[in-house]
Amino acid sequence: MKTFDYTITDPEGIHARPAGILVKEAGKFSSKVTMVKDGKEVDAKRIFGIMGLGVKKGNTVTVKVDGEDEEAAFAMLETFFKENL
């Protein structure tokens with residue numbers, strides 16, 4: 001399992017558009033992808049889970065990737081967060 005923490009810099013936090021893109025990108029991998037905020041863990045392949053976290057600018061989330069293609073998924077997700085959130 002690989003994990004990274006990321007502090008959101010987007011002024012609007014994680015809103016519908018980037019959440020939808022994140023779900024689409026995470027869905028390309030067979031690995032389990034989860035996001036954690038304030039102890040609440042959700043499936044990052046489900047938009048309602050991500051939106052339910054209510055992530056705002058300045059919040060830190062932990063992204064966990066576990067599975068056979070975790071290296072590729074981890075690299076893509078880390079880049080996605082840095083470029084979009």
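Mentor: Happy to. Let's start with Lys-28, which is exposed at 54% relative accessibility (exposed is over 50% relative accessible area, buried is under 20%, and partly exposed lies in between, with a 1.4 Å probe and protein chains only). Bear in mind that this is a predicted model, where local features need pLDDT of at least 70 and side-chain atom pairs pLDDT 80 or more, while totals for chains, interfaces and linings use all residues. Numbering runs from 1 along each chain as its sequence is written, and side-chain values use heavy atoms, without hydrogens or water.

Lys-28 is joined by a salt bridge to Glu-25, at 3.1 Å from N to O (a side-chain nitrogen of Lys or Arg within 4 Å of a carboxyl oxygen of Asp or Glu). The structure has five salt bridges, and another of them links Arg-46 to Asp-43 at 3.6 Å, N to O. There Arg-46 is exposed at 57%, and Asp-43 is partly exposed at 31%. Side chains of opposite charge can pair when their charged atoms come close.

One more pair deserves a longer look. Lys-2 and Glu-71 form a salt bridge, with 3.8 Å between the closest N and O atoms. Lys-2 belongs to strand β1 (residues 2–7) and Glu-71 to helix α3 (residues 70–84), so this pair ties together parts that lie 69 residues apart in sequence (helices are DSSP runs of H or I with at least four residues, strands are runs of E with at least two, both numbered from the N terminus). Lys-2 is partly exposed at 24%, whereas Glu-71 is exposed at 53%.

Leaving out neighbours within four places in sequence, Val-63 is in contact with Lys-2, Thr-3, Phe-4, Val-33, Thr-34, Met-35, Leu-77 and Phe-81 (contact is heavy atoms within 4.5 Å). β1 and β4 run antiparallel and are joined by six bridges, with Phe-4 standing opposite Val-63 (strands pair if DSSP finds at least two bridges between them). β4 also pairs with β2, again in the antiparallel sense, over five bridges, and Lys-32 stands opposite Asp-66 there.

Beyond residues up to four places away in sequence, Ala-19 touches Ile-14, Ile-47, Ile-50 and Met-51. From Ala-19 to Asp-38 the C-alpha atoms are 18 Å apart, and the two residues are 19 apart in sequence.

That leads us to the hairpin. β2 and β3 (residues 40–43) pair in the antiparallel sense over four bridges, and Thr-34 has Asp-43 as its bridge partner in β3. Two residues lie between the strands of this hairpin. Asp-38 sits in the loop between β2 and β3 and is exposed at 71%. Although not a glycine, Asp-38 has a positive phi of about 50°. Most residues other than glycine have a negative phi.

Finally, back to the surface: Phe-48 lies in helix α2 (residues 47–52) and is exposed at 75%.
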